[in-house]
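Trainee: Could we go through this structure together and check where each label comes from?
Mentor: Gladly! Let's set each value against its rule.

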Amino acid sequence: MAEPGRCRDPAWLRMPRPYQPSLLRLLHGATALLVLAAWLSGLAVYSLHDGRWGRLPITPTGDWVDLHGTAGVLLLPVAVLFAAYALTLGRRRLQRPSNALALGAVTLAIGSGKLMNEDWLRRGELHHWVYGLHLLAWLLVAGAVIVHLLGGLQLGGVAMLRSILSVHVRAGDQPRHWPGQVRAFISRP
Ligand code: HEM
Ligand code: HEM
């Protein structure tokens, strides 16, 4: 029979809740939202101008190439800052393959997007290898984010995923502490 004390105090209740630094949460959240915008607007572009492997049941109207380009232009500087964080202050987290894969797939999507010509799809030119690479990166981003979510779940369950979405900020981790956190990283031996 289980001890009554143990039943009321299961081990998971005593486990510390995971906490993510606020600077990471800001850069990670902005990147993830803009990647979602680029992914969905890319789906609309694909459905309108390509559609070789199927189209959306309702084809949205509007200049989706332009909207997608805008999402891509906004994503680039945010992703550069996030990557800079991940490679420095967050480098221990980046050693987890599921984190590195997500960043790698997004880097490929942005890099190939920068090589795209905005008129190719409007002119029906689907044969450019850069476009093929950009399409592949789009699929890789979807797969990598699924693996990333599974990796997070495996690491710390739903509490881990919630920790990156949480808006709670601990004392000592407010925006005014960010320059100090960067300085502490730089001056580390
Ligand atoms: C395009 C979307 C995303 C990309 C590119 C991405 C990328 C990354 C990267 C590179 C890291 C490591 C950061 C570091 O080294 O400091 C990370 C951490 C993390 N991400 Fe994401 N992420 C995305 C979406 C999401 C979503 C939707 C969730 C779930 C709500 C999530 C949950 C997490 C968690 C929990 C961590 C911390 C994991 C750890 O400590 O190893 N991510 N993400
Ligand atoms: C995660 C998915 C995607 C990301 C992160 C992404 C990112 C980007 C970026 C950063 C640019 C360059 C924007 C610029 O500087 O002007 C771009 C351009 C472009 N992408 Fe994507 N893309 C994605 C998916 C797609 C998909 C699925 C399609 C269509 C099949 C697509 C079609 C295009 C086109 C036509 C351009 C040229 C638009 C322009 O330069 O204004 N993208 N993309």
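Mentor: We begin with a rule: six donors count as octahedral if opposite donors are over 155 degrees apart and all others between 65 and 115; four count as square planar on those terms, or as tetrahedral if all angles lie between 85 and 135 degrees, and anything else is irregular. Donors are N, O and S atoms within 2.8 Å of the metal (3.2 Å for Na, K and Ca), and since water is not among the atoms, sites may look incomplete. This is a predicted model, where local features need pLDDT of at least 70 and side-chain atom pairs count only at pLDDT 80 or more, while totals for chains, interfaces and linings use all residues. Residues are numbered from 1 along each chain as its sequence is written, chains are lettered from A and ligands numbered from 1 in the order in which they are written, and side-chain values use heavy atoms, with hydrogens and water left out.

Trainee: What makes the arrangement around the iron atom of ligand 1 octahedral?
Mentor: Its six donor atoms subtend angles of 88 to 179 degrees, so the arrangement is octahedral. The protein donors are His-28 (NE2) and His-148 (NE2), lying 2.0 Å from the iron. Because His-28 lies in helix 3 and His-148 in helix 7, the pair ties together parts 120 residues apart in sequence. Helices here are DSSP runs (H or I, at least four residues; strands are E, at least two), numbered from the N terminus.

Trainee: And why is the arrangement around the iron atom of ligand 2 called octahedral?
Mentor: There, six donor atoms subtend angles of 86 to 179 degrees, which makes it octahedral. His-68 (NE2) and His-134 (NE2) coordinate that iron atom at 2.0 Å. The pair links distant parts of the chain, with His-68 in helix 4 (residues 64-87) and His-134 in helix 7 (residues 129-165), 66 residues apart.

Trainee: Why does His-134 count as buried, and what is His-148 called?
Mentor: Buried means under 20% relative accessible area, exposed over 50%, and partly exposed in between (1.4 Å probe, protein chains only). His-134 has 17%, so it counts as buried. His-148 has 21%, so it is partly exposed.

Trainee: What makes the pair of Tyr-46 and Trp-53 stacked?
Mentor: Rings of Phe, Tyr and Trp (its six-membered ring) pair if their centres lie within 6.5 Å; planes under 30 degrees apart count as stacked, over 60 as edge-to-face and the rest as tilted. The rule gives three aromatic pairs. Tyr-46 and Trp-53 are 6.5 Å apart centre to centre with 10 degrees between the planes, hence stacked. Tyr-46 and Trp-138, at 5.7 Å and 35 degrees, are tilted. Tyr-46 lies in helix 3 (residues 22-49) and Trp-138 in helix 7, so this pair ties together parts 92 residues apart in sequence.

Trainee: Is Trp-53 buried or exposed?
Mentor: At 66% relative accessibility, Trp-53 counts as exposed. Tyr-46, with 9%, is buried.

Trainee: How do you know that the span of helix 6 agrees with expectation?
Mentor: The expected span is 1.5 Å times one less than the number of residues. For the 18 residues of helix 6 (residues 97-114) that should be 26 Å, and the end C-alpha atoms are 25 Å apart, which agrees.
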